[in-house]
Each structure stands twice: as C-alpha cells, then as structure tokens.
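Here is a short walk through one protein model, feature by feature. Keep the viewer open while you read.

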Amino acid sequence: MSQQETNPADFELDGDIAKQLKRNDAGLVPAIAQSERGEVLMMAWMDDHALAHTLATRKATYYSRSRKEYWIKGLTSGHTQYVRSVRLDCDGDTILLTVEQQGGACHTGDRTCFDANLLLGEE
C-alpha cells in the first residue's frame, strides 16, 4: 500500500451495518463484484474493516485469506473497481458490489473470473 493510501484496518464499520452481517468462522463475508450492466466479475472476501473502507472511499477493498492482508483492487495492477453501490442480501451473508471496472477483474487479467470454466451452457 502506498503512503497515499489509507489503511483499511483503521476503518470501523457502522454498528447498524455490522449487526446485519453474518460472518463465517474467520469473520469474513463473501463479496460479489458485478459491472453496472450486471455482469458478474469476481468474488472475494470482506471483513468489517474492508467493508468500512469500501463504503468510505468507494474503492473496492477485500481481505486476502492466503496473504492475510487487505487489498484495494487495482492498487498494484491498475485494474481498479470504483464502487457505485453496495447491497447486502436478505440473509446478511453476502455483499453485492456494483462497480465501474477498469481493466480485468480477474487476477489472470481476464475481464471476469468466470470466463474460463463453463460447466453447463445454454441449450
């Protein structure tokens, strides 16, 4: 994270929002990022700090389970996600971000993480 970027861990989630979230045992909630056209781009994980940072800055911020650290989408790759809206599903266990995607959303550089493995197509 550059010195100009804020640390997501410094952000606190509003208590009313926090009460609605159903987290897994690691304190994480799945977050789906979709384009403004409704195209599903990717899935990642958020904790309270990542969601609070996203809400405060409109920069999609996630928590990496493998690296055990926050990542702001596009900070190193330039493939940013400007957050247009954030919704919580009816159960409080999934977050939906509508984003303005610049570049690929997938770590492979593809537009979406769901381009590679079609398991069942339309008839």
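## Ground rules

This is a predicted model, so to speak of a local feature takes pLDDT of at least 70, side-chain atom pairs count only at pLDDT 80 or more, and totals for chains, interfaces and linings use all residues. Residues are numbered from 1 along each chain as its sequence is written, and side-chain values use heavy atoms, with hydrogens and water left out.

## The core

Which residues touch the most other members of the largest nonpolar core? They are Met42, Met46, Tyr62, Ile95 and Leu97, out of 21 residues in that core. (A nonpolar core here is a set of buried Ala, Val, Leu, Ile, Met, Phe, Trp, Tyr and Cys residues joined through side-chain atoms within 4.5 Å; buried means under 20% relative accessible area, exposed means over 50%, and partly exposed is in between, with a 1.4 Å probe and protein chains only.)

Strand S1 (29–35), strand S2 (40–46), helix H2 (48–57) and S6 each give two or more residues to this core. S2 supplies the largest share, with 4 residues. Helices (H or I, at least four residues) and strands (E, at least two) are DSSP runs, numbered from the N terminus.

## Helix H2

Start at the N-terminal end of H2, which Asp47 caps: one of its side-chain oxygens sits 3.1 Å from the backbone nitrogen of His49. Past the helix comes Arg58, with a positive phi near 65 degrees.

How many aromatic pairs does a search of the whole structure find? It turns up 2. Rings of Phe, Tyr and Trp (its six-membered ring) pair if their centres lie within 6.5 Å; planes under 30 degrees apart are stacked, over 60 edge-to-face, and the rest tilted. Tyr62 and Trp71 make a tilted pair, at 4.9 Å centre to centre and 40 degrees between the planes. Tyr62 is buried, at 0% relative accessibility, whereas Trp71 is partly exposed at 23%. For Tyr63 and Tyr70 the planes are at 75 degrees and the centres 5.3 Å apart, so that pair is edge-to-face. Tyr70 has 17% relative accessibility, so it counts as buried.

Tyr62 belongs to strand S3 (residues 61–64). Its side chain also makes a polar contact of 2.7 Å with the side chain of Gln81. (A polar contact is a pair of N or O atoms within 3.5 Å; within protein, one must be able to donate a hydrogen and the other to accept it, and residues adjacent in sequence count only if both atoms are side-chain atoms.)

## Ser35 and Thr98

Ser35 lies in strand S1 and is buried, with a relative accessible area of 3%. Leaving aside neighbours within four places in sequence, Ser35 is in contact with Leu41, Thr98, Val99 and Arg111. Ser35 and Gln81 are 46 residues apart in sequence, yet 9.3 Å apart in space, C-alpha to C-alpha.

Thr98, in strand S6 (residues 95–101), is buried too, at 12% relative accessibility. Not counting residues up to four places away in sequence, Thr98 touches several residues, including Ser35, Glu36, Tyr82 and Arg84.

## The annotated site

An unreviewed UniProt entry puts a "binding site" annotation on Asp89, Asp91 and Asp93. UniProt positions use the numbering here, feature names are shortened, and annotations may be inferred rather than shown by experiment.

Asp89 is in the loop between strand S5 (81–88) and S6, partly exposed at 28%. Asp93 is in the loop between S5 and S6, partly exposed at 30%. Beyond residues up to four places away in sequence, Asp93 touches Lys22, Val29 and Pro30.

## Cysteines

A search of the whole structure finds 0 disulfides, a disulfide being a pair of cysteine sulfur atoms within 2.5 Å. For Cys113, the nearest cysteine sulfur is that of Cys106, 3.5 Å away. Cys113 is partly exposed at 33%, while Cys90 is exposed, with a relative accessible area of 79%.

Terms used. Contact means heavy atoms within 4.5 Å.
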